[in-house]
Amino acid sequence: LLWMGDLEPHMDALFIENAFRQLGQSVNVRMAVDRNGNAARYCFIEMPDSATARRAMLTINGTDIPNSKTRFNLSYANNSNSNLVEYSLFVNNLSSQINDAELYQIFGKKFISCRGAKVYKGPDGRSRCMGFVRFSNETEQQQALVEMNRKLIRGKKIMLRIAPVKPRARQVNRCTTTVEPSISQTYHYDHFRQAMQAWHGLNVSCPPFVDQIVEYETSTKDTKDLMRSSEELYMALEQAHWYPKISSNSSFKQLS
């Protein structure tokens with residue numbers, strides 16, 4: 001199951017399914033609405049299997065949506081009943097041209113357990129040239145640290161560090177989807193909206209990034225505070241992608 005965000009008002013389930021169909025993918029779409037019954041700016045995409053979902057993340061995410069001026073913003077949806085622990089790498093010295101989708105592709109093509117990536121942006125919307133990459137497998141996280149640290153990406157050697165391990169907390173249901181009445185599904189539109197506002201409006205001082213490699217000591221208070229604040233915001237954003245428990249007698253299948 002994938003999460004899709006940044007939907008425009010005219011993008012309903014039929015529009016999104018048709019957009020995927022034009023790219024050779026047959027999917028089912030579950031639209032979300034907020035507590036007042038208004039359409040939310042995200043939905044959930046059912047994929048046939050985990051391999052198809054991963055392929056969509058690698059090849060469709062970040063590309064132009066057919067018949068639209070926006071791009072696909074995809075992420076893995078998270079099972080609200082899972083006690084999943086994820087392992088993160090803090091990345092800095094990124095090229096300012098790298099966005100979320102490309103950062104995921106850099107790691108996702110090589111590491112199957114890579115579940116997402118986020119580039120940190122300042123209040124002006126410009127990249128701060130740092131971010132996070134998340135893995136469901138600790139071994140692959142460690143392997144990525146060894147193999148990708150100081151790797152030349154778009155003319156800059158990226159710098160990797162281990163981020164704190166944090167288990168995902170279960171969420172309080174806030175928002176419903178437009179699906180069959182027998183299916184009890186709730187999503188967290190308010191949490192998502194607040195997290196997005198916080199992410200883009202975070203007022204954190206961070207060291208400037210320059211073209212040459214600069215070593216930032218993680219022992220300094222400023223860098224530690226930045227990593228902690230950025231990690232907390234990324235966790236909030238990722239937790240907005242939860243989908244809830246589906247009853248055993250429901251026809252809605254939980255897919256990867």
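## Cysteines

Counting a disulfide as a pair of cysteine sulfur atoms within 2.5 Å, this predicted model comes to 0 disulfides. Cys 43 is buried (under 20% relative accessible area, with exposed meaning over 50%; 1.4 Å probe, protein chains only), at a relative accessible area of 0%. Cys 129 is buried as well, at 10%.

## Confidence and conventions

The mean pLDDT (the predictor's confidence in each residue, from 0 to 100) of the chain is 75, and 62% of the residues reach 70 or more. Over residues 170-220 the pLDDT is below 50, and this stretch has 124 contacts (heavy atoms within 4.5 Å) beyond near neighbours in sequence. Residues 244-256 also have pLDDT below 50, with 36 such contacts. Where pLDDT is low, the predicted coordinates should not be read in detail.

Residues are numbered from 1 along each chain as its sequence is written, and side-chain values use heavy atoms, without hydrogens and water. Local features need pLDDT of at least 70 and side-chain atom pairs 80 or more, while totals for chains, interfaces and linings use all residues.

## A look at helix α4

At the start of α4, a side-chain oxygen of Asn 137 reaches to within 2.9 Å of the backbone nitrogen of Thr 139. Arg 150, with a positive phi near 65 degrees, follows the helix.

Terms used:
A polar contact is a pair of N or O atoms within 3.5 Å; within protein, one must be able to donate a hydrogen and the other to accept it, and residues adjacent in sequence count only if both atoms are side-chain atoms. Helices (H or I, at least four residues) and strands (E, at least two) are DSSP runs, numbered from the N terminus.
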